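Here is a note for a colleague who is opening this entry for the first time. The points below can be read next to the sequence and the coordinates.

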Amino acid sequence: MTSQIFADGALEGQVIAVTGGGTGLGRAAAAELLACGASVVICGRREEVLAEAADELGPRCSWVAGDVREAADAERIVDACLERHGRLDTLVNNAGGQYFVPAEAIALKGWRAVTRLNVGGTLTMATAAYDRAMRPAGGGMVINVTLSPHHGLAGMTHSSAARAAVEGATRELAAAWAPDGVAVCAAAAGHFDTPALDKYPESVRTAAARTVPLGRLGRVEEHAWLIALLASPLGRRLSGSVVTLDGARDNWFGPWPPAGMADESGEVPTEERRRG
Ligand SMILES: CCCCCCC/C=C/C(=O)SCCNC(=O)CCNC(=O)[C@H](O)C(C)(C)COP(=O)(O)OP(=O)(O)OC[C@H]1O[C@@H](n2cnc3c(N)ncnc32)[C@H](O)[C@@H]1OP(=O)(O)O
Ligand SMILES: NC(=O)C1=CN([C@@H]2O[C@H](COP(=O)(O)OP(=O)(O)OC[C@H]3O[C@@H](n4cnc5c(N)ncnc54)[C@H](OP(=O)(O)O)[C@@H]3O)[C@@H](O)[C@H]2O)C=CC1
């Protein structure tokens, strides 16, 4: 497969780890990075999801299962890249998520779960990559996937706060790690059409596109192009930046709930609990 917008071999020789690379945005990013010539290691918790994705993505893609919230797993993921390829040039910290719920209904345990995944997991992976691969090699790139709108997303207060923390850490780590040649930036994704959105109530999914001034959800390949751009030499100069890719969603200040999102009772439905 070739990239639709980047030259063949644009990222040739790079070794890139993509967390959450077995599904959705992470998988599409892995596909684009491979199309640009990189070798890619995808990771996540579910072995079968990763194995199937890597099989479809081709021989330069391999996988390693692990939980980004656990320091030992993060170190194992980085070590797998080093053992297989001798280097890790770029880490795409894409694993993350939350559940859709009104702010006043967020239990402390739920707040902690969302924070632990999005802030803790991101920092744990970034630190493992920096300590074990990038600082010893004299350089590297960390790309943190965060969330737009930056002024907060109703139904996702915990995640809005967590992603804001990641963006703060991105700026600080970019300064702290610059002397070692390690760049850190963030890609703030708006609303993208991935299978993960299926877990949100139907009316929420449908209305989400109406809150995007561009008039549609993002396509996974658009996000993947941004990740490839940030993995290119230009990304190094963007260190410390948060690049927003959201069809102007950040600039939408319409009513809450947007037309059609509430059900007959006037309430916005929340997300079903997972079973098992
Ligand atoms: C208007 C906007 C609509 C468009 C949105 C577009 C933006 C999209 C953004 C995206 O990010 S899409 C990607 C979505 N992908 C994911 O969210 C995947 C990852 N998410 C998760 O794994 C979970 O959501 C999690 C909570 C982060 C997982 O953490 P963990 O496994 O540690 O948690 P649990 O043990 O399941 O739960 C802990 C705790 O959290 C509370 N809780 C969890 N789920 C719910 C829920 N559905 N409703 C209410 N509360 C929930 C709860 O307190 C749990 O504790 P217990 O009650 O189980 O003891
Ligand atoms: N789709 C959208 O509109 C937007 C998405 N985002 C963010 O982009 C990223 C990808 O989203 P999307 O592809 O839509 O959603 P997915 O739910 O498909 O992606 C989440 C990925 O992260 C992995 N993951 C979750 N928890 C862990 C963990 N503890 N350790 C390792 N891997 C984990 C999951 O795999 P597994 O369960 O096997 O571990 C999965 O592959 C997420 O951070 C999401 O919050 C941000 C803004 C908008």
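**Notes on the model**

1. Strand β2 is covered on both faces: Ser-39, Val-41 and Cys-43 on one side are buried, and so are Val-40, Ile-42 and Gly-44 on the other. With six of its six residues buried, β2 is largely enclosed by the rest of the structure. A residue counts as buried here if 20 or more other C-beta atoms lie within 10 Å of its own. Please keep in mind that this is a predicted model.

2. What does β2 pair with? The partner is β1, in the parallel sense, over five bridges. At one place in this pairing, Ile-16 stands opposite Val-40 of β2.

3. Helix α3 runs over residues 71–85 and has 15 residues. Its span from first C-alpha to last is 21 Å, close to the 21 Å expected at 1.5 Å a residue. Which of its residues are buried? They are Asp-73, Ala-74, Ile-77, Val-78, Cys-81 and His-85. These cover an arc of only 140° around the axis, which puts them on the same side of α3. An α-helix has 3.6 residues a turn, so residues three or four places apart point the same way.

4. The buried residues of α3 pack against several elements: the strands β1 (15–19), β2 (39–44) and β3 (61–65), and the helix α4. On the face turned away from the buried side, α3 carries the exposed residues Ala-72 and Glu-83. Gly-86 follows α3 and has a positive phi, near 80°.

5. Helix α2, residues 47–57, can be read in a similar order. Leu-50, Ala-53, Ala-54 and Leu-57 are buried in α2. They cover an arc of only 100° around the axis, which puts them on the same side of the helix. Their cover includes α1, β2 and β3. Glu-48, Asp-55 and Glu-56 are exposed on the face of α2 turned away from its buried side. Just after α2, Gly-58 takes a positive phi of about 110°.

6. Ligand 1 has 20 residues around it, and Gly-97, Tyr-99, Gly-110, Ala-113 and Ala-196 come nearest. The elements that give two or more residues to this shell are α4 (108–137) and α6 (202–210). Which of the elements gives the largest share? It is α4, with five residues. By class, the shell around ligand 1 divides into eleven nonpolar, five polar and four charged residues.

7. Ligand 2 is surrounded by 28 residues, the closest being Gly-20, Gly-24, Arg-45, Gly-96 and Ala-196. At least two residues of this shell come from each of α1 (24–35), α4 and β5 (140–147). Helix α1 gives the most, with three residues. The classes in the shell around ligand 2 are eleven nonpolar, 13 polar and four charged. Ala-196 is listed among the nearest residues for ligand 1 and among the closest for ligand 2.

8. Two backbone details deserve a look. Most residues other than glycine have a negative phi, and most peptide bonds are trans. The peptide bond from Ser-148 to Pro-149 is cis, with omega near 10°. Pro-149 is found in the loop between β5 and α5 (157–177). Ala-248 has a positive phi of about 75° although it is not a glycine. This residue lies in the segment after β7 (242–245). Is Ala-248 buried or partly exposed? With 14 C-beta neighbours inside 10 Å, Ala-248 counts as partly exposed.

9. Pro-213 connects to the previous point through a contact. Its place is in the loop between α6 and α7 (220–231). Leaving aside neighbours within four places in sequence, Pro-213 is in contact with Gly-247, Ala-248, Asn-251 and Trp-252. Pro-213 and Asn-251 are 38 residues apart in sequence, and their C-alpha atoms are 8.0 Å apart in space. Pro-213 is partly exposed, with 13 other C-beta atoms within 10 Å.

Terms used: Residues numbered from 1 in each chain as written. Chains lettered and ligands numbered in written order. Predicted model: local features only at pLDDT ≥ 70, side-chain atom pairs only at ≥ 80, totals over all residues. Near = placed C-beta within 6 Å. Helix = DSSP H or I, 4+ residues; strand = E, 2+ residues; numbered from the N terminus. Nonpolar A, V, L, I, M, F, W, Y, C, P; charged D, E, K, R; others polar. Expected span 1.5 Å × (residues − 1). Buried ≥ 20, exposed ≤ 12 C-beta atoms within 10 Å, placed from the backbone. Arc of directions from axis to C-beta. Contact = placed C-beta atoms within 7 Å. Pairing = 2+ DSSP bridges.
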